[in-house]
Amino acid sequence: MGDQDPTPLSRERSMYLRIYTAAGCRPLAWMNQLPLLDSIQFQQAFSLAANVTLLAVNIRNDRLIMTGSGIYTPFSATYHHARKGDPEEGRLLVARVPVLEPLEVKQSAAKEVEAGGGESTISAATDSGYCYQDSCDDPPPPSYPTFISSMMYDTFTFVLLNETQGDIKVCNGTFCCRLQYRWLLQDHKELYAFGALAGTHTVNGRYALQVCAVVCCAGLDQSSCGQEAEEAESKMDFLLEGNFDTKYVYPSILTSRMFLEQPESLEKAADGRLTMKHSNTKGGLVTACLYGRMYHLDNE
């Protein structure tokens with residue numbers, strides 16, 4: 001991982017995979033867990049957040065839900081995610097990756113574009129039009145009814161996304177997330193929710209979290225929000241934002257049938273605000289997530 005600190009990834013004890021980087025090979029643990037921590041979903045998220053090239057070779061074990069490997073850079077992803085019933089033979093993945101300069105992200109992005117690659121998804125924070133202070137000129141978004149539902153054994157505060165477009169704020173304790181969205185295609189046989197979490201996960205490990213997430217619910221009842229869903233038809237443009245108390249925030253966009261999409265832009269601010277913007281979604285949206293890890297609070 002070059003000059004990047006490997007500690008955050010190595011402390012995710014519930015993962016079953018092997019990570020190969022320029023620094024060598026590191027055996028780790030990873031199991032797929034929707035809607036927030038599928039293998040390829042978090043592999044790409046780690047590459048984006050840490051600004052590293054990540055080569056992930058996952059053990060194939062359907063019984064233990066271990067599938068999904070790839071080659072990830074902050075600009076692209078080449079991956080394979082086996083699904084139930086797929087052949088068990090291996091898959092060769094080949095990708096051209098850029099030489100990254102961690103302290104000069106914009107300069108690195110420019111080189112990638114000149115070489116014919118994708119556009120950068122990381123930038124310094126600019127004025128996104130959102131404000132988290134009572135004294136700001138922009139009025140806060142209107143209040144929406146909230147409900148509590150479990151997602152991956154954690155208690156999230158959710159708001160349903162029932163309008164054709166909206167500007168929503170949801171809080172879990174003092175931690176708040178904000179979503180501006182507009183449906184491009186809305187399947188009324190699907191239900192979506194926007195959730196926030198701040199707390200300590202205690203199942204299969206103990207780790208402190210701050211999470212903002214848009215999820216496709218497993219059914220049409222709000223109690224299904226947070227349960228696993230692999231397929232979706234609805235598509236939206238969105239801007240997802242949270243004020244995090246950690247610099248370790250992993251962004252991801254997962255669409256129907258286990259396909260990844262690269263965020264259109266990510267903006268980071270010194271005060272912990274992270275904004276993810278995306279439009280023209282190619283597949284039905286399963287999850288859009290900002291997954292923050294509070295490593296310094298894990299043992300408290």
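Which cysteine does a disulfide join to cysteine 217?

Analyst: This is a predicted model, in which local features need pLDDT of at least 70 and side-chain atom pairs count only at pLDDT 80 or more, while totals for chains, interfaces and linings use all residues. Residues are numbered from 1 along each chain as its sequence is written, and side-chain values use heavy atoms, with hydrogens and water left out.

The partner of cysteine 217 is cysteine 225, with an S to S distance of 2.1 Å; a disulfide here is a pair of cysteine sulfur atoms within 2.5 Å. This link is right-handed, with 90° about the S-S bond. Cysteine 217 and cysteine 225 are both buried (buried means under 20% relative accessible area, exposed over 50%, partly exposed in between, with a 1.4 Å probe and protein chains only).

Cysteine 216 is also buried, at 4% relative accessible area. Its closest cysteine sulfur, in cysteine 217, is 6.6 Å away, which is too far for a bond.

The structure holds three disulfides. One of them joins cysteine 177 to cysteine 212, S to S 2.0 Å, and is left-handed, with -85° about the S-S bond. Cysteine 177 lies in strand β10 (residues 175-185) and cysteine 212 in strand β12 (residues 207-216), so this pair ties together parts 35 residues apart in sequence. Strands (E, at least two residues) are DSSP runs, numbered from the N terminus. Both cysteine 177 and cysteine 212 are buried.

Cysteine 171 and cysteine 176 form another disulfide, with sulfur atoms 1.9 Å apart. Cysteine 171 is partly exposed at 28%, whereas cysteine 176 is buried at 13%.

Conventions: Helix = DSSP H or I, 4+ residues; strand = E, 2+ residues; numbered from the N terminus.
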